[in-house]
Amino acid sequence: MSTPPLSALPIRRLTPRDLIACADLSEDRGWPREEHKWGLLLAAGKGYGIDDPEGGLVTACVVMEYGSLSRPDLCGIGMVLVAQRHARQGVGRRLMRHVVADMGAAPLTLYATPYGRPLYEELGFKTIGSSETVQGHFTAGGPPSSVPTRPATGEDLATLVRLDEEVFGADRTHVITRLPAFADQLRVAEENGQIIGYAAAWPNMNTHVVGPLIARDTETAKALVASLAAHTDRPLRTDVDVRHEDLLRWLKERGLATVGTNAVMTYGIPDLPGDWTRRFAPVTVAAG
């Protein structure tokens, strides 16, 4: 029997049972397998994919919905991948058109690599900003921070959910409440008993990814990063909004270096909701 054309293969919803196939697809494109991250995205988000008749996946992506389940305030699209042998045949475009249509009137956002940006522009996404990915072994130095930090507790979760919604601009309860199990560290910054920021460090291959990073100001963000770094031997990796120039400069002075950039893009809204001045880094660029 002949193999059906790509245009005839159905798009279906992915589930956590597809984790290995998604990790295999990442590896096929030269990306890390990132099974831990795929696990979070498939559990907390909506996966879309096309099965390859010869095994595995032709293409996949994940959508994270924030706010009301019936009418999301914002949807983040990520992990848009096409198997190497099916590249440049329009299958990624077909998947993205399906996702945009399936989301209806919900505003969309994504982080685009230079390679993927032309496709998203063709679909109507607009660039509204950019993020810089930095990575490296953090070297402590300088005077100790005056901002106290501590490990988060279960009693802090309700406060973190409220603070996160205020800063992010949409309810992410289904993501934030997964952080204690997903991350190796979850820390908060306090002032006079009030939480003024929080950050997580979660394992991804040989690094610890710092994200989300929510803080009242840059000094609070620095204190949180330094406190996370003090409790790991792994290199740190994070994606910082380029408008936070002081934090990026400080991270590079502490041993991290730029390893990539992404365009922040939206569809259906002129800008992201929330308060960017307190939103320093996402959970992961794959989650919007």
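## Close-up views of a predicted model

At 48% relative accessibility, Met205 counts as partly exposed. All the views below come from a predicted model, so please read each value as computed from it.

**View A. Two methionines with positive phi.** Let us stay with Met205 for a moment: this residue sits in the loop between strand 9 (194-204) and strand 10. Its phi is near 55 degrees, a positive value in a residue other than glycine. Met79 also has a phi near 55 degrees, again positive without being glycine. Met79 belongs to strand 4, and with 6% relative accessibility Met79 counts as buried.

View B. Pro212 is found in strand 10, which covers residues 207-215.

**View C. The largest pocket.** This pocket has a volume of about 1,200 Å³. Its lining is made of 47 residues, and those nearest the centre are Trp31, Val80, Leu81, Thr113 and Tyr115. Which strand gives the most to this lining? Strand 4 (residues 72-82) does, with six residues. Sorted by class, the lining holds 22 nonpolar, 17 polar and eight charged residues.

**View D. The second largest pocket.** About 360 Å³ of space lies in this pocket. It is lined by 18 residues, with Gly141, Pro143, Ser145, Ala226 and Trp250 closest to its centre. Helix 8 (residues 218-229) supplies the largest share of the lining, namely six residues. The lining divides into 10 nonpolar, five polar and three charged residues.

**View E. A buried arginine without a salt bridge.** Arg254 lies in the loop between helix 9 (245-253) and strand 12 (257-267). Although buried, Arg254 has no salt bridge. The nearest side chain of opposite charge belongs to Glu253, 4.4 Å away, whereas a salt bridge needs the nitrogen and oxygen to be within 4 Å. What does lie by the arginine side chain is the backbone oxygen of Gly141, 3.1 Å from one of its polar atoms.

**View F. A threonine and a histidine in contact.** The side chains of Thr232 and His208 make a polar contact at 2.7 Å. Thr232 is placed in the loop between helix 8 and strand 11 (236-241). With a relative accessibility of 15%, Thr232 counts as buried.

View G. Lys252 pairs with Glu132 in a salt bridge whose closest N and O atoms are 2.7 Å apart. Lys252 lies in helix 9 and Glu132 in strand 6 (residues 126-136), so this pair ties together parts that are 120 residues apart in sequence. How accessible is each partner? Lys252 is partly exposed at 38% relative accessibility, while Glu132 is buried at 12%.

**View H. Further salt bridges.** The structure holds 24 salt bridges, and this view picks out a few. Asp275 and Arg278 meet through their side chains at 2.8 Å, N to O. Asp275 is partly exposed, with a relative accessible area of 22%, and Arg278 is buried at 18%. Glu35 is partly exposed, at 34% relative accessible area.

Methods
Residues numbered from 1 in each chain as written. Predicted model: local features only at pLDDT ≥ 70, side-chain atom pairs only at ≥ 80, totals over all residues. Heavy atoms only, no water. 1 Å grid on protein atoms, 1.4 Å probe; cavity = no way out; pocket = protein on both sides within 12 Å on 5 of 7 lines; lining within 4 Å. Points joined across faces, edges and corners; volume = space filled by probe spheres on them. Helix = DSSP H or I, 4+ residues; strand = E, 2+ residues; numbered from the N terminus. Nonpolar A, V, L, I, M, F, W, Y, C, P; charged D, E, K, R; others polar. Buried < 20%, exposed > 50% of the residue type's maximum accessible area, 1.4 Å probe, protein only. Lys, Arg positive; Asp, Glu negative; His and termini not counted. Polar contact = N/O pair within 3.5 Å; in protein donor to acceptor, adjacent residues only side chain to side chain.
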